[in-house]
Structures are given as C-alpha cells and as structure tokens.
Amino acid sequence: MYLTHLECPRCGREHDAGVPQNLCGCGSPLLARYDLAAAARVIEPERFGLRPADLWRYRELLPVADPRCVTTLGEGWTPMLRAPAYGADIGIDELLVKDEGLTPTGSFKARGAAVGVSRARELGVRRIAMPTNGNAGAAWATYATRAGLGATIVMPLSAPTICRRECVAAGADLRLVDGLIGDAGRQVAALVAASDGTVFDAGTLREPYRLEGKKTMGYEIVEQLGWQVPDVIIYPTGGGVGLIGIHKALGELRELGWVEDKLPRLVAVQSTGCAPIVRAFAAGDDRARPWENAHTVAFGITVPAPLGDELILDALRATAGTAVAVDDAEILTDLRDFAAREGLLLCPEGAACLTAARRLRAGGWIRAGERVVVLNTGAGVKYPETIDVSGVPVLPR
C-alpha cells in the first residue's frame with residue numbers, strides 16, 4: 001500500500017492516515033494521498049488484467065494495508081455496455097453505459113462501503129453511523145455486518161422501501177426520519193456526539209475512504225477502454241462522491257503516467273427539483289447554497305446541501321465540464337425509451353444522465369463522434385414504481 005497521509009484540499013493541512021479521521025478542522029472533507037511516483041516504478045497497468053475482476057485489483061492504490069481486513073462481496077468491474085440504438089436516436093454513436101446495478105446490493109454504493117468498511121475495520125472502528133437516501137445505507141449495513149461491525153443507519157421515511165428492508169435484513173439499527181437527508185444527518189451527529197467515541201461517523205465525505213472505493217469507477221472506465229479516456233463522463237450528482245472520485249482517479253492516472261494529459265469533460269446531472277450544484281456552477285460560485293423544498297423521483301440525488309460542493313465544482317471546472325438539471329417527466333420518459341430500445345432498465349438517477357446526454361448533444365456541447373460514458377448508478381429493479389403497468393391487459397382464463 002502506498003497511502004502516505006490525508007490532505008485537506010481547502011487549507012492544505014496534512015492529517016495522519018493511521019487513525020480514524022473525519023473532517024478537517026476547517027470543515028472540509030479530507031482526501032487520501034499516495035506515493036504515486038513509487039507506485040509507478042513497480043506497478044505495470046497491464047498486469048491488472050491478470051487479477052480477479054473486482055475493484056481490489058487496484059489494491060496498491062487503495063487505503064487498506066492488511067488483506068485480512070478486506071471486506072468484499074465481489075464488488076467492482078461492472079460492464080460497460082454499448083447503447084447503439086438509443087445512441088443513434090440522440091446522435092451519439094459512441095454511447096456507453098457503465099452499469100453499476102450489477103454491483104452487490106444493487107448500486108455503486110457498494111464500492112464505497114467495501115473500501116470504507118475495510119479501512120474502518122483496519123483502524124479499529126467497531127460501530128459506524130450514517131445518514132442516507134437509501135442505497136448507501138443498504139450497502140454500509142451489509143458490509144458492516146460482513147466485517148463484524150455494528151451499524152446505525154438513519155434514512156428519510158420516503159426513501160425506497162427496498163433499502164429499508166435491506167438494512168433490516170443485514171441486522172442494522174435502522175431509524176427513519178420524517179424529513180430529508182439533512183434531517184437524518186442531524187440525528188446521526190447527535191448520536192455520534194453522545195457516543196463518547198464509540199460510534200464513528202461514516203456519512204458522505206465525513207470520512208475519507210468511501211471516496212477511494214468510488215474512484216475505482218474511474219480506473220475501470222479507463223482500463224475497459226484500453227487505457228484510453230472517453231471524451232465525456234456523465235454522472236448523477238447528489239452528494240457527488242462518485243464524480244469527485246472519478247476526477248481523483250483521472251488525476252492519479254495522469255500522475256502515474258498511464259493516461260495522457262487530456263481528461264474527459266465531466267458532467268454533473270441533477271434534477272430541477274434539487275439542483276444546488278447546477279445553480280452554483282451557472283452563477284460561477286465556489287460554494288452551493290442549500291436548495292429549498294427539494295423533491296425528485298431520482299431520490300438518490302435529493303441532496304439539498306452537499307458537503308463536497310467545492311470539490312464537485314472544482315472537478316467540473318478543471319475538466320471544462322458542465323452541470324445540467326433535468327425534470328422528472330423527462331427522466332421517466334428517457335428511462336422507458338432506453339429500456340424499450342436497449343433492453344436495460346436503469347435507475348432514475350442513471351436515466352437522468354441519458355436526458356442530459358440527449359440535451360447536450362442537441363445543443364452541440366457534445367460533438368459528433370465523441371465517446372460518451374453514462375453512469376447507471378443502480379439497478380432499475382429497485383425502483384419498480386418508475387414503470388407504469390396500469391394499462392396492461394388482463395386476459396380471461
């Protein structure tokens with residue numbers, strides 16, 4: 001393992017990676033840093049193909065030193081599927097969908113949970129607590145159980161029912177809040193404060209290692225394209241850990257010398273019902289103001305005040321990317337159209353990326369011939385209410 005320290009991207013302060021850490025004293029999330037020059041001298045990227053098809057193939061670039069602490073259900077190395085029919089319809093001939101719905105627990109959240117739980121276990125944490133919009137809680141509850149850790153999960157009452165059931169099945173201490181994820185976060189903060197250090201806050205970006213699991217999506221995209229980068233990566237953005245992680249991975253790959261200087265343009269997709277990043281990006285602001293009365297069918301991106309707003313905006317501007325808000329009606333239409341054309345049922349957050357791709361191509365921001373990767377962050381079957389079956393005929397016996 002080449003992990004050297006944790007760094008605050010806001011004030012530059014270094015922190016010890018050998019003990020559990022939350023936010024920097026200035027309030028910023030911390031980022032894991034590695035001795036990439038040393039890693040580049042001994043790691044040959046071509047050898048990753050000889051390793052198991054999971055995210056731990058990149059183990060030297062992940063923060064877990066003791067293999068006995070690795071907690072895994074085979075997460076990672078999800079397929080990148082071509083979408084020629086739908087792509088032709090919207091004018092993107094090289095449209096690719098990276099399908100995170102095939103990850104354990106049915107969403108990309110399993111990546112962050114696998115690495116975050118493994119590192120927490122290595123550092124001696126015995127119980128984690130976190131607020132969630134659903135899928136992250138299900139993933140962390142599952143991996144915590146597999147690692148022998150306790151888990152307290154707090155989620156909004158309106159979160160997908162399946163996620164609630166997953167937490168209960170995993171034996172987590174599940175608590176429901178009649179409110180949004182910010183309300184759940186306040187419940188977790190109170191619980192952690194009252195625990196006298198026995199409960200670790202594993203909320204989004206409040207610990208540095210969930211991000212390390214998510215960054216492996218970036219490594220995989222590049223490796224699956226033959227160590228080439230696409231022109232555009234489109235990502236549904238709530239807390240933004242996946243987008244920040246992909247940007248971090250691309251920077252590490254460039255520093256390792258495995259890709260050229262040109263990076264993909266990153267696109268953050270939000271709903272018109274909750275678009276704090278889109279508003280801040282359009283205004284040229286460095287921080288995002290909380291979004292009032294947030295609501296969208298794409299529940300996973302209902303994050304009115306993302307903690308990583310600075311990092312998301314930095315990633316978009318550093319890559320000449322953009323931020324797009326799409327409405328729920330378009331999301332559901334594109335979800336159904338894509339399933340009918342390509343035979344793949346996306347989650348609503350993934351479908352929002354299709355809407356953004358269609359709009360950006362129509363407006364010329366995505367140019368003809370560009371290779372575009374869309375992230376489908378969860379299994380569509382976890383959201384059965386997105387498909388209306390009321391008109392299906394019932395036949396007599």
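Figure 1. Of the contacts between residues at least 6 apart in sequence, 71% bring together residues at least 24 apart. The model shown here, and in the views that follow, is predicted. Its protein chain is built from 13 helices and 13 strands. Buried residues account for 58% of the 397 residues.

**Figure 2. The overall dimensions of the protein chain.**

**Figure 3. The surface and charges of the protein chain.** The chain carries 43 positive and 47 negative side chains, with the centres of the two sets 3 Å apart.

**Figure 4. Phe48 and Trp227, one of the aromatic pairs.** The structure holds seven aromatic pairs. In this one, the ring centres of Phe48 and Trp227 are 6.2 Å apart and the planes meet at 35°, so the pair counts as tilted. Phe48 sits in the loop between α1 (36-42) and β4 (80-82), while Trp227 belongs to the loop between α8 (216-224) and β10 (232-236), so the pair ties together parts that are 179 residues apart in sequence. Both Phe48 and Trp227 are buried.

**Figure 5. Trp227 and Trp258, an edge-to-face pair.** Let us stay with Trp227 and look at another partner. The ring centres of Trp227 and Trp258 lie 5.8 Å apart with their planes at 75°, and planes over 60 degrees apart count as edge-to-face, so this pair falls in that class. The pair links distant parts of the chain, with Trp227 in the loop between α8 and β10 and Trp258 in the loop between α9 (241-256) and β11 (265-271), 31 residues apart. Trp227 has a relative accessible area of 17% and Trp258 has one of 12%. Buried means under 20%, so Trp227 and Trp258 are both buried.

**Figure 6. An aromatic cluster around the two pairs.** Which residues form one aromatic cluster? The members are Phe48, Tyr58, Tyr219, Trp227 and Trp258. Trp227 takes part in the tilted pair with Phe48 and in the edge-to-face pair with Trp258.

Conventions: Residues are numbered from 1 along each chain as its sequence is written. This is a predicted model: local features need pLDDT of at least 70, side-chain atom pairs count only at pLDDT 80 or more; totals for chains, interfaces and linings use all residues. Side-chain values use heavy atoms; hydrogens and water are left out. Helices (H or I, at least four residues) and strands (E, at least two) are DSSP runs, numbered from the N terminus. Buried means under 20% relative accessible area, exposed over 50%, partly exposed in between (1.4 Å probe, protein chains only). Contact means heavy atoms within 4.5 Å. Lys and Arg count as positive and Asp and Glu as negative; His and the chain ends are not counted. The place of a charge is taken as NZ of Lys, CZ of Arg, CG of Asp or CD of Glu. Rings of Phe, Tyr and Trp (its six-membered ring) pair if their centres lie within 6.5 Å; planes under 30 degrees apart count as stacked, over 60 as edge-to-face and the rest as tilted.
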